[in-house]
Amino acid sequence: MGFGAYIADRLVPLVVGTAALAFAALVMGVYGLDPAAVAFVCGVLVLAAAVALLLDWLHRRTFYQRLSDMLDSLDETYLATELVGRPDFLEGELFYDALDRESRAMRDRIAAARRRQREYREYVETWVHEIKTPIAAAHLIAKNNPSPEVDALDAEVDAIEGYVEQALYYSRGTSLERDFQIREVLLADVVRDALRHKARTLIGARVTPELEGLDLTVRADPKWLSFVIGQVLVNSAKYRSEKDGRGRVRITATRRETGLDAWETVLAIADDGVGMPASDVGRAFDKGFTGENGRRFARSTGMGLYLVRELCEKMGVRAALESEEGSGTTVYLSFPDMVDRA
């Protein structure tokens with residue numbers, strides 16, 4: 001609150017006070033008081049009023065400036081009244097009380113929203129775990145009754161299981177503290193785990209994996225990283241090249257220096273599939289974006305790469321993508337490592 005704004009806010013009492021002072025000076029002059037004495041009295045009154053205004057402005061400014069700084073520094077601005085003391089002037093008290101009431105109401109609404117979100121997430125996770133039982137039973141029935149028709153049905157159940165897994169990780173992504181543990185993992189182990197889970201999908205699409213240089217250690221949650229790699233592998237199978245009906249996906253890892261004593265490990269997952277149009281590459285990680293390939297292949301949900309980016313960000317991993325239409329797509333997962341252990 002600037003001093004000019006403060007004076008403008010008190011313009012009416014200042015005008016009235018100035019008029020009253022001028023009238024008092026006129027009356028004193030009419031009664032024959034010495035002009036020097038009248039000027040002295042008026043000067044003292046004006047000086048006292050100016051000092052009073054300045055002190056009052058400084059007093060109020062301290063509170064409003066502290067409140068403004070607090071609002072600028074907080075992400076959750078509704079908590080400001082918890083950190084700023086109640087002022088001792090009437091206007092500030094009224095303002096503080098109104099702001100505090102709104103703050104309490106906002107905290108109640110946020111608590112209720114978080115409770116509903118938690119209940120919904122718990123329901124989804126419970127549903128996912130329950131649905132896994134009939135899915136496992138369907139796989140077992142298919143295994144005990146081999147035939148081309150049953151095998152085709154089992155492949156569709158595999159697809160259902162993949163979408164269920166997406167729903168689980170999407171739900172868990174909002175509450176990492178319940179199912180998230182960063183630790184050192186060997187890339188080879190995580191990649192092989194992802195390949196094992198997506199083996200049927202890759203075999204069905206006739207996509208052959210090639211592994212190289214995966215004996216590197218990174219910091220990540222192994223279960224979440226396996227899911228992320230699995231989503232990329234599913235895309236490699238889904239969007240394989242239509243030229244000869246076969247494809248390959250090459251998974252490699254390298255370490256590179258990014259600065260002074262700063263290193264990162266880059267996991268590259270490159271396929272030779274249909275690739276993406278240049279106009280789609282920049283939006284590949286957007287939620288629900290399917291692009292040209294999604295319209296061509298019709299089974300795209302636009303959630304796979306979105307989950308890849310979201311979960312990578314939460315693990316501190318940088319996800320990037322390069323693609324050329326007709327030549328394939330490469331997804332890069334970069335794991336920061338500040339110490340050179342080579």
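Predicted model: local features only at pLDDT ≥ 70, side-chain atom pairs only at ≥ 80, totals over all residues.

Student: What makes Thr-81 count as buried?

Tutor: The term buried requires a relative accessible area under 20%. Thr-81 has a relative accessibility of 6%, so Thr-81 counts as buried. This residue is found in helix α4, residues 80-83.

Student: How far is Thr-81 from Arg-248, in sequence and in space?

Tutor: The two residues are 167 apart in sequence, and their C-alpha atoms are 59 Å apart in space.

Student: How many helices and strands does the chain have?

Tutor: The chain has 12 helices and 7 strands.

Student: Why is the chain called more spread out than a compact globule?

Tutor: For 342 residues the globule rule gives 20 Å, whereas the radius of gyration of the chain is 34 Å; this is well over the value of the rule, and the chain is therefore more spread out than a compact globule. The C-alpha trace spans about 120 × 50 × 40 Å along its principal axes.

Student: How do you know that Glu-310 is buried?

Tutor: Its relative accessibility is 18%, and the cut-off is under 20%, so Glu-310 counts as buried. Glu-310 lies in helix α12, residues 304-315.

Student: Why are Cys-42 and Cys-312 both called buried?

Tutor: Cys-42 has a relative accessible area of 14%, and Cys-312 has a relative accessibility of 1%. Both values are under 20%, so both residues are buried.

Student: How many disulfides are there?

Tutor: A disulfide needs two cysteine sulfur atoms within 2.5 Å. By this rule the count is 0.

Student: Which classes of residue line the second largest pocket?

Tutor: Its lining has 8 nonpolar and 2 polar residues, with no charged residues. Among the lining residues are Leu-14, Gly-17, Thr-18, Val-46 and Leu-53. Helices α2 (11-30) and α3 (35-73) are the elements that each give two or more residues to this lining. Gly counts as polar by the class rule, and the pocket has a volume of about 180 Å³.

Terms used. Residues numbered from 1 in each chain as written. Heavy atoms only, no water. Buried < 20%, exposed > 50% of the residue type's maximum accessible area, 1.4 Å probe, protein only. Helix = DSSP H or I, 4+ residues; strand = E, 2+ residues; numbered from the N terminus. 1 Å grid on protein atoms, 1.4 Å probe; cavity = no way out; pocket = protein on both sides within 12 Å on 5 of 7 lines; lining within 4 Å. Points joined across faces, edges and corners; volume = space filled by probe spheres on them. Rg over C-alpha atoms; globule rule 2.2 N^0.38 Å.
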